[in-house]
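This text walks through one protein model, from the whole chain down to single residues. Please look at the sequence and the structure before reading on.

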Amino acid sequence: AFFELVDETESGEALAAFDVALAAALDRHLGDTTLALAGAITHLGDPLVLYALALVVAIALAVRREGQLAVAWIVVTGGGALLNRMLKALFERSRPVHDHVYGSADGFSFPSGHASGSLLVYGTMAYLVVRHTPRPWHLPVAAVALVLVVFVGSSRVLLQVHWFSDVLAGWANAAAWAALCITALE
């Protein structure tokens with residue numbers, strides 16, 4: 001899925017054209033209230049927030065003497081962050097232009113670090129919670145993680161600091177990395 005997204009973001013491809021059209025439509029139609037809400041939600045995917053959560057979970061796992069899970073957590077979250085940085089440097093895609101104060105971003109656009117990071121942290125945190133809770137909690141925990149991931153990714157598109165395909169690519173590379181790591185752990 002990730003490599004298909006890479007191919008579809010090339011100039012002249014349908015997804016690239018959709019990215020441009022969506023960004024233009026959002027620029028024309030979104031009001032300050034929606035942008036302010038998206039600006040607040042996007043902070044749930046800020047690197048500082050995700051790094052802090054990753055540190056707290058790693059410490060909690062270590063205190064509980066769950067060394068194997070602590071190492072897996074660090075590999076999933078830290079390795080995923082490193083992978084995303086490498087992919088950004090490899091593809092060097094420019095961000096959409098926006099003219100509001102509700103969100104800003106520096107560096108390259110593809111894949112979205114907020115989308116990738118939120119899926120890695122919130123998704124893997126949900127996996128860890130599911131491992132330690134009774135079955136009736138599994139669906140609600142997964143649903144909360146999914147809502148967080150979708151809201152953070154969507155906020156990046158609404159704020160026009162990422163193309164739609166950047167967010168899809170962030171989710172695709174993070175899902176593949178997390179699945180690989182969790183499969184190895186299991």
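What follows starts with the overall fold and then turns to particular side chains and loops.

The model is a predicted one, in which local features need pLDDT of at least 70, side-chain atom pairs count only at pLDDT 80 or more, and totals for chains, interfaces and linings use all residues. Residues are numbered from 1 along each chain as its sequence is written, and side-chain values use heavy atoms, with hydrogens and water left out.

The protein chain contains 8 helices and 0 strands. Helices here are DSSP runs of H or I with at least four residues, strands are runs of E with at least two, and both are numbered from the N terminus. The order of elements from the N terminus is therefore α-α-α-α-α-α-α-α. Along its principal axes, the C-alpha trace spans about 50 × 35 × 30 Å. The radius of gyration of the protein chain is 17 Å, which agrees with the value near 16 Å that a compact globule of 186 residues would have. That radius is taken over C-alpha atoms, and the globule rule is 2.2 Å times the number of residues to the power 0.38.

Of the 186 residues, 44% count as buried. Buried means under 20% relative accessible area, exposed means over 50%, and partly exposed lies in between (1.4 Å probe, protein chains only). In the protein chain, 77% of the contacts with a separation of 6 or more come from residues 24 or more positions apart, where contact means heavy atoms within 4.5 Å.

Two links between aromatic rings come next. The structure holds 2 aromatic pairs. Rings of Phe, Tyr and Trp (its six-membered ring) pair if their centres lie within 6.5 Å; planes under 30 degrees apart count as stacked, over 60 as edge-to-face and the rest as tilted. Phe18 and Phe164 make an edge-to-face pair, 5.5 Å from centre to centre with 75 degrees between the planes. This pair links distant parts of the chain, since Phe18 sits in helix α2 (residues 14–29) and Phe164 in helix α8 (residues 164–185), 146 residues apart. Phe18 counts as partly exposed because its relative accessibility is 42%, and Phe164 counts as partly exposed at 29%.

Phe91 and Phe110 also form an edge-to-face pair, at 5.3 Å centre to centre and 85 degrees between the planes. Phe91 lies in helix α5 (residues 67–91) and Phe110 in the loop between α5 and α6 (113–131), so the pair ties together parts that are 19 residues apart in sequence. With a relative accessible area of 28%, Phe91 is partly exposed, whereas Phe110 is buried at 2%.

Most residues other than glycine have a negative phi. Arg65, however, has a positive phi near 60 degrees. Arg65 belongs to the loop between α4 (47–63) and α5, and its relative accessible area of 77% makes it exposed. Gln160 is not a glycine either, yet its phi is positive, at about 60 degrees. Gln160 is placed in the loop between α7 (138–158) and α8, and at 2% relative accessibility it counts as buried.

Leaving aside neighbours within four places in sequence, Ala23 is in contact with Gln160 and Trp163. Ala23 counts as buried, at 15% relative accessibility.
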